Amino acid sequence: MSTDTDQKREIRLAAGDAELTIHPTNGCRLVSLRVGGTELLRQGDRYGCFPMVPWAGRIGQGRFRNGGETHQLPLNSPPHAIHGTGRDTSWRTARKGASEAAFTYELADPWPYTGCVTQLFELTGDSLTLTLGVETYDDSFPAQAGWHPWFLRHLDGSTADEDAVRLDFSPEWQEERGEDHLPTGRRVEPHPGPWDDCFGMPDGVDATLTWPGRLELKVTSTAEWAVVYDEQAEAVCVEPQTGPPNGLNTAPRLVTPIDPLEIRATWSWRRL
């Protein structure tokens, strides 16, 4: 939970009846999104929405290769490394307006390469656009980026089943998940939830969350992958990302001096 000191460090954006709160020094986490006074993101222990960068999801055993070099990352979710270093880093506020803001941080240990990460937030009265960019200062390296939002399963404290959020999406395939929670490399037909699984959407991520009679929120992204996690009673996660879990090893996307990595996602909503 935020302390009084933390709250002074928070940045607030507003447009129409939408209000956004960001905490740059706490991993540039999106702390809160309120629409018409209603909070859409879980609060408490696992809360808000954090950036996953310079990798997304799990890296098997915390190891990845770049050419002939093998790198070992700390195992922050043993036996794997998970969700990148950006969420544990203090970001610098590069620009702030009434409804948009930009933040950066420098890649550093335990990530073995130098570079810069930029995150943008652009809020309107009925949408939020998020952008992440990864640049290298020197050597090329594989990287991933994405977001991990905790959307509330129920709004305004309701616990009724009929008020629970409904998730609709149509992936082309599902990555088969092994006992180690990493994709096995097989693509299978999507199966019913609950999920802690990665899905392929080659035309871009497109998912809709509907709180019956209240609000519809669409998650769209230039990314072609999404992890869906709905095994928790309080929240549902739809996570656009530029590659699958363990993708630094299985589907590496190189960031080079002339070809940075960029991902964009938009959350758009309407009242029902």
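Visitor: Between which two strands is the loop that holds Pro 110?
Guide: This is a predicted model, where local features need pLDDT of at least 70, side-chain atom pairs count only at pLDDT 80 or more, and totals for chains, interfaces and linings use all residues. Residues are numbered from 1 along each chain as its sequence is written, and side-chain values use heavy atoms, without hydrogens and water. Strands (E, at least two residues) and helices (H or I, at least four) are DSSP runs, numbered from the N terminus. The loop with Pro 110 lies between β11 (100-107) and β12 (115-123).

Visitor: Is the peptide bond that joins Asp 109 and Pro 110 cis or trans?
Guide: Most peptide bonds are trans. Between Asp 109 and Pro 110, however, omega is about 10°. That bond is cis.

Visitor: Which residue does a cis peptide bond join to Pro 54?
Guide: Pro 54 sits in the loop between β5 (49-52) and β6 (58-59). At its cis bond, omega is about 5°. The partner is Val 53.

Visitor: Is Gln 61 buried, partly exposed or exposed?
Guide: Gln 61 lies in the loop between β6 and β7 (63-66). Its phi is positive, near 60°, though Gln 61 is not a glycine. Buried means under 20% relative accessible area, exposed over 50%, and partly exposed in between (1.4 Å probe, protein chains only). At 35%, Gln 61 is partly exposed.

Visitor: What is the phi of Asp 156?
Guide: Asp 156 is in the loop between β16 (151-152) and β17. At 53% relative accessibility, Asp 156 counts as exposed. Most residues other than glycine have a negative phi. Asp 156 has a positive phi of about 55°.

Visitor: Why does Thr 21 count as buried?
Guide: Thr 21 is in strand β2 (residues 18-23). Contact means heavy atoms within 4.5 Å. Leaving out residues up to four places away in sequence, Thr 21 touches Glu 10, Ile 11, Arg 12, Arg 29, Leu 30, Val 31 and Ser 32. Thr 21 counts as buried because its relative accessible area is 10%.

Visitor: How many aromatic pairs are there?
Guide: A pair of aromatic rings is described by the distance of the centres and the angle of the planes. Rings of Phe, Tyr and Trp (its six-membered ring) pair if their centres lie within 6.5 Å; planes under 30 degrees apart count as stacked, over 60 as edge-to-face and the rest as tilted. By this rule, the count is 13.

Visitor: How many residues apart are Phe 169 and Phe 199?
Guide: Phe 169 and Phe 199 form an edge-to-face pair, 5.0 Å centre to centre with 80° between the planes. Phe 169 is in strand β17 (residues 166-169) and Phe 199 in strand β20 (residues 196-200), so the pair links distant parts of the chain. Their separation is 30 residues.

Visitor: Why is the pair of Trp 195 and Phe 199 edge-to-face?
Guide: Both residues are buried, and Phe 199 has 0% relative accessibility. Their ring centres are 5.9 Å apart. The pair is edge-to-face because the planes are at 90°.

Visitor: What is the radius of gyration of the protein?
Guide: The protein has two helices and 26 strands, and buried residues make up 54% of its 272 residues. The radius is taken over C-alpha atoms; the globule rule is 2.2 Å times the number of residues to the power 0.38. A compact globule with 272 residues would have a value near 19 Å. The protein agrees with that, at 18 Å.
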